[in-house]
Amino acid sequence: MTAPSPQLPCFAPYVSPAQPSERARLPPGHPGQHSLPSHGFAPVNSILPRIGITKQTVKKLEAIQMVREQRENRKQELAYHARPFVLCGLPLRRPPAGELVHRRQNGKFFLEVVAHPRYGLPFGQDRLIPIWVATLAVKQKSRTVHFQRAAQLLEFLQLPKDGIHYRRLIQGFERIFAATMFFGTDEERVCGQIFDCQRFHFFDGMRLWFNRGDQPESPEHDEADNVITLSESFYQEVNQHPIPVERQVVASLANAPGLLDFYVWIVWKSWTVKAVPTRIPLFGLQGLQAQLGAATYSRNKRFRQTLRHWLERIKLFWPECPAAPSPDGKSLMVHSSRRSPAIHHASS
């Protein structure tokens with residue numbers, strides 16, 4: 001039986017304020033003590049704090065509504081992700097100083113990222129950069145991608161164009177550019193062990209113009225052509241195995257890297273499942289916790305709670321999400337999403 005779709009919060013019906021004679025009889029602090037303009041209406045922005053809804057919450061609700069409408073009307077704006085990071089996630093938080101190797105295993109697939117000692121391992125929001133660059137490469141059909149302004153990445157992800165986010169963007173590009181990645185399969189067969197691996201870096205070259213973020217962009221920099229050349233191996237991986245994702249969902253979850261990884265993974269995994277549901281173990285060397293790059297929790301119960309919270313958030317964007325924890329709490333049951341996919345363009 002499918003769980004009922006989560007409903008979006010609804011606003012309470014409008015109740016007119018008490019008249020002056022009635023307000024006199026009300027105790028201090030009663031909502032009726034606050035009068036509204038004589039015509040009986042007030043600006044929406046002034047009402048929201050009174051009913052406990054912030055502007056940030058309204059933006060989240062608008063984003064959820066937009067994603068649902070775009071999916072229903074089959075007018076989704078797509079971005080693209082690279083398969084290695086869907087199968088095996090990057091670190092969610094900054095690794096300890098001196099830790100320069102990150103390794104994850106997903107069945108027969110493995111991902112190993114080796115960092116440059118000067119810049120460290122990519123982590124957190126750095127995972128948004130491969131999504132941005134892979135999207136440009138797929139849409140421009142070239143491993144040398146062009147864009148006008150560095151701020152377009154922040155606009156694409158709906159992040160503030162301020163000094164803090166510009167600095168994070170520059171540092172993220174440095175970590176991504178300097179890292180070397182090993183991605184492949186490691187499996188055993190009757191005749192012996194089979195090892196198939198590709199070693200590549202992300203980009204062959206970059207020419208990016210950044211402004212400080214706290215100053216207006218100069219016309220010279222605004223017209224400058226930003227260029228990123230993907231390495232041949234990375235471009236072939238993106239070109240042959242592009243993973244479609246919803247751009248609006250990526251932007252909405254840009255500040256929650258663990259949830260973003262899980263969302264993209266569920267979208268991809270449920271599309272690959274056919275008739276028989278798949279059972280994914282939560283723990284162990286090849287469990288879901290290890291695949292996503294999630295932190296090692298002191299107790300398994302905490303990761304189960306996190307997983308349930310993630311599923312609740314995902315089902316706000318995608319009510320038909322066909323995944324649920326198993327009754328024993330040791331695995332995640334994933335059914336096929338062919339009848340109600342998150343991405344209607346996935347078949348293409």
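Angles under 35 degrees count as roughly parallel, those over 145 as roughly antiparallel, those from 65 to 115 as roughly perpendicular, and the rest as oblique. The model is predicted, with local features needing pLDDT of at least 70 and side-chain atom pairs pLDDT 80 or more, while totals for chains, interfaces and linings use all residues. Residues are numbered from 1 along each chain as its sequence is written, and side-chain values use heavy atoms, without hydrogens and water.

**Exercise 1.** Classify the packing of α11 and α13 by angle, and state which residues make the contact.

Solution. Begin with the geometry: helix α11 (residues 257-272) packs against α13 at an angle of about 70°, the axes being 10 Å apart. α11 and α13 are therefore roughly perpendicular to each other. Next, list the contact (heavy atoms within 4.5 Å): α11 contributes G258, L259, F262 and Y263, and α13 contributes L307, W310, L311, R313 and I314. Finally, sort these residues by class, which gives seven nonpolar, one polar and one charged.

**Exercise 2.** Decide how α3 is oriented to α13, and describe their contact.

Solution. The axes of α3 and α13 come within 8 Å and cross at roughly 55°, which makes α3 oblique to α13. From α3 the contact takes A63, I64, V67, R68 and R71, and from α13 it takes K315, L316 and F317. The contact of α3 with α13 divides into five nonpolar, no polar and three charged residues.

**Exercise 3.** Describe the largest pocket and find which element gives the most to its lining.

Solution. A pocket is an open set of points on a 1 Å grid where a 1.4 Å probe fits, with protein on both sides within 12 Å along at least five of seven lines, and lining residues have an atom within 4 Å of a point. The largest pocket has a volume of about 710 Å³, and of its 25 lining residues the closest to the centre are Q56, K59, K60, A63 and S252. Two or more lining residues come from each of α3 (55-72), α10 (247-252) and α13 (300-317), and α3 gives the most, with ten residues. By class, the lining has 14 nonpolar, six polar and five charged residues.

Technical notes:
Points joined across faces, edges and corners; volume = space filled by probe spheres on them. Helix = DSSP H or I, 4+ residues; strand = E, 2+ residues; numbered from the N terminus. Nonpolar A, V, L, I, M, F, W, Y, C, P; charged D, E, K, R; others polar. Axes fitted to C-alpha atoms, helices over the stretch in contact; angles between N-to-C directions.
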